[in-house]
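Student: I have just opened this entry. Could you walk me through it?

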Amino acid sequence: MTTLKIAGAPISWGVCEVPGWGHQLDADRVLTEMHDVGLSATELGPEGFLPSDPGELTALLASHGLRCVGMFVPVVLHDTNHDPVADIAAPLDALIASGADVLVLAAATGADGYDSRPTLNDGQWATLLANLDRLADAAAERGVLAVLHPHVGTMVETRAEVDRVLYGTRIKLCLDTGHLLIGGTDPLALTREVPDRIAHAHLKDVDAALAARVQGGELTYTEAVRQGMYTPLGKGDVDIAGIVTALRSNGFDGWFVMEQDTILDGEPTDEGPVRDVRTSVAFIHDVCGRVPA
């Protein structure tokens, strides 16, 4: 059994790249609380959340006893008139400067937010798939592993779209248990079907009733997040224990990044988001303690 590697992500504290998402907590609070709940690593969060200067970035993370494991980067991949290789240059610089080695790509629509998306034609799909391999190669040249994150409101959301990536590219996946479920994919089934394609994991738990309302068009994705669609691990309807067990049993040695997408209306007057993060940390340690070595 591989060593357990657990990280956090700023989105669990409501820090998000989407304009108008909600109140954004400052980095010192988020990083302090990550360390206090026993996390030793984080993804970087959106551009501007942490310092862009490599020296300042590494010093800030070190001052909180944290390391960086990756960065989520939405990139337009389907536009034949746009070369996305340049879009990952700065993120790669940040990852390398902080000692991280995973670039988490999403196939962005080109618009802000995740509440709607266009339909691609076959030519645009061919461009998207070719660009995924190009970006994976460009990242590998700098010692970074690029993975594709199926994500609600991007061009790779549904199971059919995930399959197009699996069969049409060489890129590995970031298994995001929440986005897959909301997009119509059983994350445990996918884990069992293609364990060799999963190199990074975002662990999210989901209220399936709210997810169904998103799938049915009754709620937008953002509205559902605001209503609590994402729950602490073990409190929702995703088989997190089964997924973690399946991955570890198949030799997965990547990071489990705990995420509970949250929208804050203002500065918390109580403990705030860290309460749920603490619950998730305890759950994942309990799950892994039950997995035979």
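**A first residue, then the whole chain**

Tutor: Let us begin with T127, which is buried at a relative accessible area of 17%; buried means under 20%, exposed over 50% and partly exposed in between, with a 1.4 Å probe and protein chains only. Please note that the model is predicted: local features need pLDDT of at least 70, side-chain atom pairs count only at pLDDT 80 or more, and totals for chains, interfaces and linings use all residues. Residues are numbered from 1 along each chain as its sequence is written, and side-chain values use heavy atoms, with hydrogens and water left out.

Student: Where is the place of T127?

Tutor: T127 belongs to helix 4, residues 122–140. Helices (H or I, at least four residues) and strands (E, at least two) are DSSP runs, numbered from the N terminus.

Student: And which residues does T127 touch?

Tutor: Leaving out residues up to four places away in sequence, T127 touches L77, H78, D79 and T80. A contact means heavy atoms within 4.5 Å.

Student: Changing topic, how many helices and strands are in the chain?

Tutor: The chain has eleven helices and ten strands. Its radius of gyration is 18 Å, close to the 19 Å that the globule rule gives for 293 residues, so the chain is as compact as a globular protein of that length. That radius is taken over C-alpha atoms, and the rule is 2.2 Å times the number of residues to the power 0.38.

Student: What share of the residues count as buried?

Tutor: Of the 293 residues, 56% count as buried. Among contacts between residues at least 6 apart in sequence, 81% join residues at least 24 apart.

Student: What does UniProt place at residues 36–261?

Tutor: The unreviewed UniProt entry places the feature "domain: Xylose isomerase-like TIM barrel" there. UniProt positions follow the numbering used here, feature names are shortened, and annotations may be inferred rather than shown by experiment. The end C-alpha atoms of residues 36–261 lie 20 Å apart, and the span is 38% helix and 19% strand.

Student: Is D261 buried or exposed?

Tutor: D261 counts as buried, at 8% relative accessibility. D261 is found in the loop between strand 10 (256–258) and helix 11 (274–289).

Student: Which residues does D261 touch?

Tutor: Not counting residues up to four places away in sequence, D261 touches I11, H179, K204, Y221, V225 and Y230.
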